[in-house]
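Colleague: I would like to learn how to read helix packing and ring pairs in a model. Please take me through the one on the screen.

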Amino acid sequence: MDGIYSIYNQFLGYFPVSLHPVISFLLAILIIYGIFKVLSKDFIWIIALIILLPASLPILKNIWESVVHIINFLLAKK
C-alpha cells in the first residue's frame, strides 16, 4: 500500500494544491466506475468463482477492503 500512496502523492505533485481535492474525487469516481464495469461484464464468472471456490471468499474480501481503503484515502481531506 505504501507504493500506491507514493505513486499517488507523486501524481498529485503535478497539479496545484488547490486542485488536489478535485483530482482525488475524480480518481475515486474512476475507480468506482472501473469496478462497476468489471462486475457488470464478468458478473457470471465472479458468481462461479464464489460458488466453486469457497476459499476465494477471504481473498475477495481482502481485495474489497483494499479498494475501499484506497477510495477512503483518495476522499480523505488533507
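Colleague: Is the crossing of α1 and α4 left-handed or right-handed?

Modeller: A crossing is left-handed if the near helix is turned anticlockwise from the far one by less than a right angle, and right-handed if clockwise. The crossing of α1 with α4 is right-handed. Helices here (H or I, at least four residues) are DSSP runs, numbered from the N terminus. Before going on, note that this is a predicted model, where local features need pLDDT of at least 70, side-chain atom pairs count only at pLDDT 80 or more, and totals for chains, interfaces and linings use all residues. Residues are numbered from 1 along each chain as its sequence is written, and side-chain values use heavy atoms, with hydrogens and water left out.

Colleague: At what angle do α1 and α4 pack?

Modeller: Axes are lines fitted to C-alpha atoms, for helices over the stretch in contact, and angles run from 0 to 180 degrees between N-to-C directions. For α1 and α4 the angle is about 30°, and their axes are 12 Å apart. Angles under 35 degrees count as roughly parallel and over 145 as roughly antiparallel, with 65 to 115 as roughly perpendicular and the rest as oblique. The pair α1 and α4 is therefore roughly parallel.

Colleague: Which residues make the contact between α1 and α4?

Modeller: Contact means heavy atoms within 4.5 Å. From α1 come I4, Y5 and Y8, and from α4 come H69, I70, F73 and L74. To sort such residues, Ala, Val, Leu, Ile, Met, Phe, Trp, Tyr, Cys and Pro count as nonpolar, Asp, Glu, Lys and Arg as charged, and the others, Gly among them, as polar. The contact of α1 with α4 has 6 nonpolar residues, 1 polar and no charged.

Colleague: How do α2 and α4 pack, and what is the angle?

Modeller: Helix α2 covers residues 20-41 and helix α4 residues 56-75; they pack at about 155°, with their axes 8 Å apart. These two helices are therefore roughly antiparallel. Their crossing is left-handed. On the α2 side the contact uses S24, F25, L27, A28, I31, I32 and I35, and on the α4 side V67, I70, I71, L74 and L75. The residues divide into 11 nonpolar, 1 polar and no charged.

Colleague: Is S24 buried or exposed?

Modeller: Buried means under 20% relative accessible area, exposed over 50%, and partly exposed in between (1.4 Å probe, protein chains only). S24 sits in helix α2. Its relative accessible area is 7%, so S24 is buried. Apart from neighbours within four places in sequence, S24 is in contact with Y8, L12, L74 and L75.

Colleague: How many aromatic pairs are there?

Modeller: Rings of Phe, Tyr and Trp (its six-membered ring) pair if their centres lie within 6.5 Å; planes under 30 degrees apart count as stacked, over 60 as edge-to-face and the rest as tilted. The count here is 3 aromatic pairs. One of them joins Y8 and F73 edge-to-face, at 5.2 Å centre to centre with 70° between the planes. This pair links distant parts of the chain, since Y8 is in helix α1 (residues 2-12) and F73 in helix α4, 65 residues apart. Y8 is buried at 7% relative accessibility, while F73 is partly exposed at 21%. Another pair is F11 with F15, edge-to-face, at 5.2 Å centre to centre and 70° between the planes. F11 has a relative accessible area of 32% and is partly exposed; F15 is also partly exposed, at 29%.

Colleague: Which residues do ring pairs link into a cluster?

Modeller: Y5, Y8 and F73 form that cluster.

Colleague: Is K61 buried or exposed?

Modeller: K61 belongs to helix α4. At 52% relative accessibility, K61 is exposed. E65 is in helix α4 too, and at 44% relative accessibility E65 counts as partly exposed. N72, another residue of helix α4, is partly exposed at 48%.

Colleague: How far apart in space are N72 and S6?

Modeller: Separation along the chain and separation in space are read as two numbers. N72 and S6 are 66 residues apart in sequence and 16 Å apart C-alpha to C-alpha. For K61 and W45 the figures are 16 residues and 16 Å between C-alpha atoms.
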